[in-house]
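Colleague: I would like to go through this chain feature by feature. Please give the general idea each time, then the case here.

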Amino acid sequence: MILSAHIITGAAVGVNFSNPWLVVLLIVICHHLTDLLPHWDYGIKEIPLRKSFLKISADILIGFILVAGTLMIFNEWEIPRNFSALFSGLNLNIMLGIFFSLLPDGLLFLSWIFPKKPLTFYAKYHSFLHTSLKLNYKQGILPLLIYITAIVLLIWFFQTEVNFLKIFL
């Protein structure tokens, strides 16, 4: 799954749960569950590190733009007036959700750069939990857009209709 999909999932978990420990646990589980879905990945292992870094950076930026736009639409975050105010409106759980949504793939990326024992063990574990059905771009972009749209709609639903998750958790 591309990083922007994980980022929006992390934000959705962070918005809807008030317990930070639960946010961390749920988003790590969600990360691996979404990787079980057949999906398209841009190949970064096969290209030079500089190009990989550019693709990853662009993907993360798109993810943050999606999160910021979604949160602004649903009144969870106001447009920052300056750089120092950029993250002041985001609550801790949203930031934890985003960080821990990226951590599994971040560790995987580090295992490619530094193929040492703990990281290579994690890479095998991550690969085991990952779908074996790889989609190409044409096959994978529509399911990805449907997934991101579903997450945005879930944020909207839980923020506007029945915000029972914050009541119970």
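Colleague: What volume does the second largest pocket have?

Modeller: The model is predicted, so local features need pLDDT of at least 70 and side-chain atom pairs count only at pLDDT 80 or more, while totals for chains, interfaces and linings use all residues. Residues are numbered from 1 along each chain as its sequence is written, and side-chain values use heavy atoms, with hydrogens and water left out. A pocket is an open set of points on a 1 Å grid over the protein atoms alone, with protein on both sides within 12 Å along at least five of seven lines. Grid points are joined across faces, edges and corners, and a volume is the space filled by probe spheres set on the points. Here the second largest pocket comes to about 210 Å³.

Colleague: Which residues of the lining lie nearest the centre of the second largest pocket?

Modeller: Lining residues have an atom within 4 Å of a point. There are 14 of them, and Ile2, Ser4, Ile62, Ile141 and Leu144 lie nearest the centre. Helix H3 (49-73) and helix H6 (137-160) each supply at least two residues of this lining.

Colleague: How do the residues of that lining divide into nonpolar, polar and charged?

Modeller: Ala, Val, Leu, Ile, Met, Phe, Trp, Tyr, Cys and Pro count as nonpolar, Asp, Glu, Lys and Arg as charged, and the others, Gly among them, as polar. The lining has ten nonpolar, two polar and two charged residues.

Colleague: Is leucine 144 buried or exposed?

Modeller: Buried means under 20% relative accessible area, exposed over 50%, and partly exposed in between, with a 1.4 Å probe and protein chains only. Leucine 144, in helix H6, is buried because its relative accessible area is 7%. Its C-alpha atom is 8.0 Å from that of methionine 1, 143 residues away along the chain.

Colleague: How many helices and strands does the chain have?

Modeller: Helices (H or I, at least four residues) and strands (E, at least two) are DSSP runs, numbered from the N terminus. The chain has seven helices and zero strands. Of its 169 residues, 40% count as buried.

Colleague: Why is helix H1 described as largely enclosed?

Modeller: 14 of the 14 residues of H1 are buried, so the rest of the structure largely encloses this helix. Its length can be checked too: the expected span of a helix is 1.5 Å times one less than its number of residues. For H1 (residues 3-16) that gives 20 Å, and the end C-alpha atoms are 20 Å apart, in agreement.

Colleague: What is glycine 10 in contact with, leaving aside its neighbours within four places in sequence?

Modeller: Contact means heavy atoms within 4.5 Å. Glycine 10 belongs to helix H1 and has 0% relative accessibility, so it counts as buried. Its contacts are Ile27, Ile94, Gly97, Ile98 and Ser101. Valine 28 is 18 residues away in sequence and 8.9 Å away, C-alpha to C-alpha.

How values were computed:
On a 1 Å grid over the protein atoms alone, a cavity is a set of points where a 1.4 Å probe fits but cannot get out, and a pocket is an open set with protein on both sides within 12 Å along at least five of seven lines; lining residues have an atom within 4 Å of a point.
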